[in-house]
Amino acid sequence: MTDAPLLLNLIPLEPLARAQLLAAGLRLHDVDVRTTRLESSDITPGVRLVLTNGTTGFTATQMDAMPHVELICAFGAGFENIDVAAATARGIAVAHAPNTNGETVADHALALMLAAARGLVTLDRAVKAGGWARHRAPRPTLHGARLGIVGLGNIGQGIATRAEGFGMSIGYHTRTPRTGCRWQHYDNVDALAAASDFLVLACPGGPATHHLVNADVLTQLGANGFLVNVARGSVVDTVALIEALCDGVIAGAALDVYENEPEVPSALRMLENVVLTPHISGRSPAALQAQIDLLLANVRAHLSGKPLPAAVNSVTGHRKANG
């Protein structure tokens, strides 16, 4: 990377990631897209590489404002808000980082299931405040319970295999059944929810799954059921979820992702039958290093004219600069 290409970074970066990108010879320019319009930024003409993620994305309008962009990298597996079709039409390569944090997400999903079912957050606060006897009511456990998983990619499969260790029965929903899969497939989310004590979301975001979990699905999950979301906030109708939690339609929820994050509705923050974490399910030292390694591998391959290790699209050649 002797020509020190300029990478426009649109997401928060851990110091370790920043240090390794700089050590690899990249020049970084950070932009907070919540406060700055890329189309009006004076840095855009020299940008060749863009770092974003599935939540932040990258639009066709932003691509048009940057005539030298050649490669868009998602720092993670998700790329639902990157306009891949627009990038392909403009000869811009898109890469992501699949299979880098799936084990961490699966671990976190199990932690959320346990925390919600066993009431760990509420009980911790109660004991620290001097409470004891009135907080010792029986709580549901995972052993013998029915788990429904929406999405059965690497993360969904990781959740399922872990849950089997707890003695749970497993069902799943995908558009088509997985060949050779030992778990029961359900054709729709409503049927899966009705057959589940815990409904865990591990599917991609985007238009195809927008509000897939709505009031009807929550009703099917039922008064003893728990919803866990480690997918994308857009998969759940937040208004319907809040109503279901307040009215006892479901027993509880555990959420790592939100529709308009980092904003979290005050109603969710006030409810005791909800466990909330700040979109951290995929974050661990091992996952972070794997994401950095694959990002650098994608960048190095692109700059040397080699196939990308984790390409999202296929372009016939690098984008030509306009002017």
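Me: What do the side chains of Asp197 and Arg146 do?
Reply: They meet in a salt bridge, 3.2 Å from N to O. Keep in mind that this is a predicted model. The pair links distant parts of the chain, 51 residues apart: Asp197 is in the loop between α7 (189-194) and β9 (198-201), and Arg146 is in strand β6 (residues 146-150).

Me: Is Arg146 buried, partly exposed or exposed?
Reply: Partly exposed, because its relative accessibility is 35%.

Me: Which residue does Arg182 form a salt bridge with?
Reply: Glu164, with the closest N and O atoms 2.7 Å apart. Here too the pair links distant parts of the chain: Arg182 sits in the loop between β7 (169-173) and β8 (184-186), while Glu164 is in helix α6 (residues 154-165), 18 residues apart.

Me: How exposed are those two?
Reply: Arg182 counts as exposed at 59% relative accessibility. Glu164 comes out as partly exposed, at 32%.

Me: How far apart are Lys128 and Asp124 in helix α5?
Reply: They're 4 residues apart in α5 (residues 120-128), so about one helical turn separates them. Lys128 is exposed, with a relative accessible area of 67%, whereas Asp124 is partly exposed at 36%.

Me: How does the lining divide into nonpolar, polar and charged?
Reply: You get 16 nonpolar, 5 polar and 5 charged residues.

Me: New topic: helix α11. What span should its residues have, and what do the end C-alpha atoms give?
Reply: α11 runs over residues 285-303, which is 19 residues, so at 1.5 Å a residue it should span 27 Å. Its end C-alpha atoms are 27 Å apart, and that agrees.

Me: Which of the α11 residues are buried?
Reply: There's a list: Ala287, Leu288, Gln291, Ile292, Leu294, Leu295, Leu296, Asn298, Val299, Ala301 and His302.

Me: What do they pack against?
Reply: The buried residues of α11 pack against α1 (15-23), β3 (49-52), β4 (71-74), β5 (93-95) and α4.

Me: Which residue follows α11 with a positive phi?
Reply: Gly305, with phi near 75°.

Me: Last one: where is the place of Glu70?
Reply: Glu70 is in the loop between α2 (60-64) and β4.

Me: Is Glu70 buried or exposed?
Reply: Buried, because its relative accessibility is 14% and the cut-off for buried is under 20%.

Me: What does Glu70 touch?
Reply: Leaving out residues up to four places away in sequence, Glu70 touches Arg48, Gly91, Ile92, Ala93 and His302. His302 is also among the buried residues of α11.

Definitions and conventions. Residues numbered from 1 in each chain as written. Predicted model: local features only at pLDDT ≥ 70, side-chain atom pairs only at ≥ 80, totals over all residues. Heavy atoms only, no water. Helix = DSSP H or I, 4+ residues; strand = E, 2+ residues; numbered from the N terminus. Buried < 20%, exposed > 50% of the residue type's maximum accessible area, 1.4 Å probe, protein only. Salt bridge = Lys/Arg side-chain N within 4 Å of Asp/Glu carboxyl O. Nonpolar A, V, L, I, M, F, W, Y, C, P; charged D, E, K, R; others polar. Expected span 1.5 Å × (residues − 1). Contact = heavy atoms within 4.5 Å.
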